[in-house]
Every structure is written in C-alpha cells, then in structure tokens.
Amino acid sequence: MRILNILVEIVFIIGFSLLFSLFTGGFTYWLIAFLSFTLLWHHFTEHRLLRTLQPKYNQKFALTSWENVSQSVAYYQRINRKEKIKNLRLLSKLNRNINYLPDAIIIFSHDGVIEWCNQISQQLFEFYWDKKTPKQILNVIFYDEFKHYWQQTKHNRPLVLLTYNQRYLEIHLNSYDTKRYLLVARDITGMIRLIHSRQTFLANMNHELRTPLTVLRGYLEMLSNESLTDFQMKVVQTMLEQSQRMTYLLEQLNQLAKIETSSNADHNKFNMSALILSIKKDMDILNQSGHQIEFDIEPDIYVLGDEYQLQSVITNLIHNAIKHSGDKNLIQVRWRSCEQGMKFSVKDHGIGIPQQHIAHLTERFYRVDESRSNKTGGSGLGLAIVKHALKQHHSHLDIESQEGAGSCFSFIIKRNLISDDKTE
C-alpha cells in the first residue's frame, strides 16, 4: 500500500511538471520544484503528527540536528536514547542490589575464566576478584567434586559440597548463554545440621523409649492373663493397645529416618511383581472389613531400587485403602506398563477425601479426621514414608479423590529404573 501511494505521488508530480512545461518549458525545473514542494509538505505533516504525539517536547535549533532532515528519525532516536538510559539505570541498580543477595553468583566462561561475581561469592569461597586480573573458577572452587560436576553434560541436580572448614554449600550450575555459565551457591550448613540434629533426636528417642515400652508391654500381658474384674481387664487391654500403638509409631519414625538418610547406593535389582504378590497374602489377613481386593499385576517386572522402601510404599497404600475407605468396598491394585514406565495404583470406591485435605496428606502426623484415625489406629506417618521413599526413586505420589466416589493413589517408576535383564 505504501509503494502504491509513492507511485501515485510520482505520477502526479511528473504529470504536473509536464503540464506546466508545455506552457513555459523547462520540464526539469518544474520537476525539481514540485519534488521540493512535496518534500516540504511531508515534512510539515510529519511535524504536526509528532507534535501531537509529544506536545511537551521542545527542541532547540541546531544545524546538525536530525530534526532538520527527518523528524521521524529524530523521534525514534530520542525514544531509543531514553530506553538506553532507562535500561542502563536499571542494570546499574540491579548490579548494586545483586551484591546484597544472600546467594553467591559467579559468571564464568566455558574455559573457566571468571567474568563477574558478587561480594558474597568472594566471602563464601574466600577469594579476591579484580576485573584486570583473570582468575580461574577451578582455582577458586578447587574441589574434585565440583570439577566432576562441571564436566557433566547436564546439571539437573545441585551439588552439595562439604568444604575444608566443614561448611555445606549447595551449588547450582546453569548455562548463562552459549559461551558462559552462571553459578549460584548458598550456605546450607545450618539446614544440614538441623536435619542431623532431628535425625539424632529421633534415633535417641526411639532407643530410649523402646526399652521401657517393652517392659511395660510385658507386665501388661502378664496382667491380662490374671483373674481380673471386667473393669480392670478393660483398663489393662486399653493400656496394652496404646502401648502397641506407641511401639508402632516408634517403628514408623525409625523407618522414616532411615529412608531420609538412605542413598542410591543401596539400590539393587529385584522382582517388583513378585514383591506385590507377596504383600497380597498379608493384606488378605488384614482385611477385616469385608473388602473385595482385586490384583492386576504384570508379571516378572524387575526394578532397580530399594526393595525395603518400595515394600513399605505398597504396604502403606494398600493398608490405607483397607482401613480408611469404609466397609465392604472394591479395592483395585494395579501394576501395569504406561508411557513413562510402570505405574502402580491403588483405587478404592469408598468414602473419598475432601479436596482441602489432599495437598496435606503426605505431611507428618496429618490426619483427615482425628476421630476416625484414632478408631483405625492411624499414626499420620504412612504417606510421609511413601513420599520420601518415592523421592529416593525419582517418583512422586499422585492422589485423586472425590467425596463419596473413592480415591486413587498411584506412582510411576520411570523406564530408566526398569531392568530388562530378568536375572537377579
């Protein structure tokens, strides 16, 4: 459309020039005159438009100013200049604020030369950096663990580094652009020590309480065999049930602590299908509410993982469906292949779970209904164990539920943990 307008203007200019030259001659002079008039008219129109867009702008006269040639070019130059100044101020402010961040930030090239870093990084790694003096990242973070981490092609997980002065540093490494890396590090010593303190406390509590509980249960079992009145027998049975519940709680706390401190080094290949079928026999004994439990298990599927942890996961999920779904329901246990790998699911057609509780189910000691949990003997730790055990296998628990329509608890073991070799 713009080209058509230009062509129309040229045709009119040439036409008027020819017309006037027929009477007076001098076609070239008339052509120059009409071209000059057209340029002046465009310049004036452009001036009015830009004054409408910027009514408060006052430009001082200057022979070298673009205002005298093209006001549009001058207008866009002013906008670009303002944007550059604004961006420079923003970058300057951002650069100052980065120095106050609690995280260490280092930008270095692919060959390891540090190009920029903040003050926190210099304090955390105990070095001094100057723009004029090149410094290698491996001379700053000189640990073999970091060198191996840097040489990896992918950095999906952060590196937790223990320094010579017994500090724990969490290091994230990402591509800044095609020629640089961005390293973000933080001191997590306090958090690690807090986790260790909690684990030590749980281990000590488990050890200290187990002995008196064993003694208490022994005497209560002796009393239950004596000739007692109905009231005394009821008291003894209640005390025995509560001591058994506390023992079970300590066992779950101990199990949770072991899972949190475990690593992938404990993983071995085992027959997951056979494991589920062996749990089926135990669940038939625990089924006291008349449930119909159906098992649909794909045979001879071998998984690389911790057999003890996955046994706890499966046991807890089926046990929860039996105890918390109501009475005489259909419970479907499936272990079948899917697009991502192998999917295990426990689906019941019971009372369901309100939506506001689903996000909190894997929290420690969380109960949907306190009175129902006391009745069924729930500790609130079963799904917390499931969550942490699945995390060790790069998986997570999916929960789908609707009140009155049942619940479905499932997880997926990815293909890279499924073994094709069937020999154990």
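1. Buried here means under 20% relative accessible area, exposed means over 50%, and partly exposed lies in between (1.4 Å probe, protein chains only). With 19% relative accessibility, E298 therefore counts as buried. Please keep in mind that this is a predicted model, in which local features need pLDDT of at least 70 and side-chain atom pairs count only at pLDDT 80 or more, while totals for chains, interfaces and linings use all residues. Residues are numbered from 1 along each chain as its sequence is written, and side-chain values use heavy atoms, with hydrogens and water left out.

2. A word on the whole chain. The protein has 13 helices and 13 strands; these are DSSP runs numbered from the N terminus (helices H or I, at least four residues; strands E, at least two). Of its 424 residues, 36% count as buried. Taking contact as heavy atoms within 4.5 Å, residues 24 or more positions apart account for 58% of the contacts with a separation of 6 or more. The protein exposes about 27600 Å², and carbon and sulfur atoms supply 57% of that area; accessible areas come from the Shrake-Rupley method with a 1.4 Å probe, and for residues only the protein chains shown count as cover.

3. Back to E298, which is found in the loop between β7 (292-297) and β8 (302-305). Its side chain reaches the backbone nitrogen of S337 at 3.2 Å. Leaving aside residues up to four places away in sequence, E298 touches S273, W335, R336, S337 and M342.

4. Strand β7 itself has a covered face of I293, F295 and I297, and an uncovered one of Q292, E294 and D296. In a regular strand the side chains alternate between the two faces of the sheet. Two strands are said to pair if DSSP finds at least two bridges between them. β7 is joined by six bridges to β9 (residues 330-337), and the two run parallel. Within that pairing, I297 has W335 of β9 as its bridge partner.

5. β8 belongs to an open sheet of three strands, in the order β6-β8-β13, with antiparallel pairing. The edges are β6 (268-271) and β13 (418-419), each of which pairs on one side only. Two bridges connect β8 and β13 in the antiparallel sense, and Y302 has S419 in β13 as its bridge partner.

6. Helix α7 deserves a look. Its 36 residues (189-224) should span 52 Å at 1.5 Å a residue, and its end C-alpha atoms are 51 Å apart, which agrees; the expected span is 1.5 Å times one less than the number of residues. α7 bends by about 25° at R210, and a proline, P212, follows within four residues. The bend is the angle between axes fitted to the seven residues ending at a position and the seven starting there. The buried residues of α7 include I192, L202, N206 and L213, and the buried set packs against β4 (168-175), β5 (180-187) and α8 (230-260).

7. H393 sits in the loop between α13 and β11 (398-402). H393 has a relative accessible area of 1%, so this residue is buried. Its side chain reaches the backbone nitrogen of D306 at 2.9 Å. Beyond residues up to four places away in sequence, H393 touches H267, L304, G305, D306, Q309, L310, I413 and L417.

8. Strand β12 (residues 406-414) is largely enclosed by the rest of the structure, because seven of its nine residues are buried. β12 pairs with β10 (residues 341-348) in the antiparallel sense over eight bridges, with D348 opposite S407. β11 and β12 also pair in the antiparallel sense, over five bridges, and I399 stands opposite F409. β11 and β12 form a hairpin with three residues between them, where G404 in the turn has a positive phi of about 85°.

9. Lastly, K135 lies in the loop between α4 (119-125) and α5 (137-140). Its relative accessible area of 26% makes K135 partly exposed.

Conventions. A polar contact is a pair of N or O atoms within 3.5 Å; within protein, one must be able to donate a hydrogen and the other to accept it, and residues adjacent in sequence count only if both atoms are side-chain atoms.
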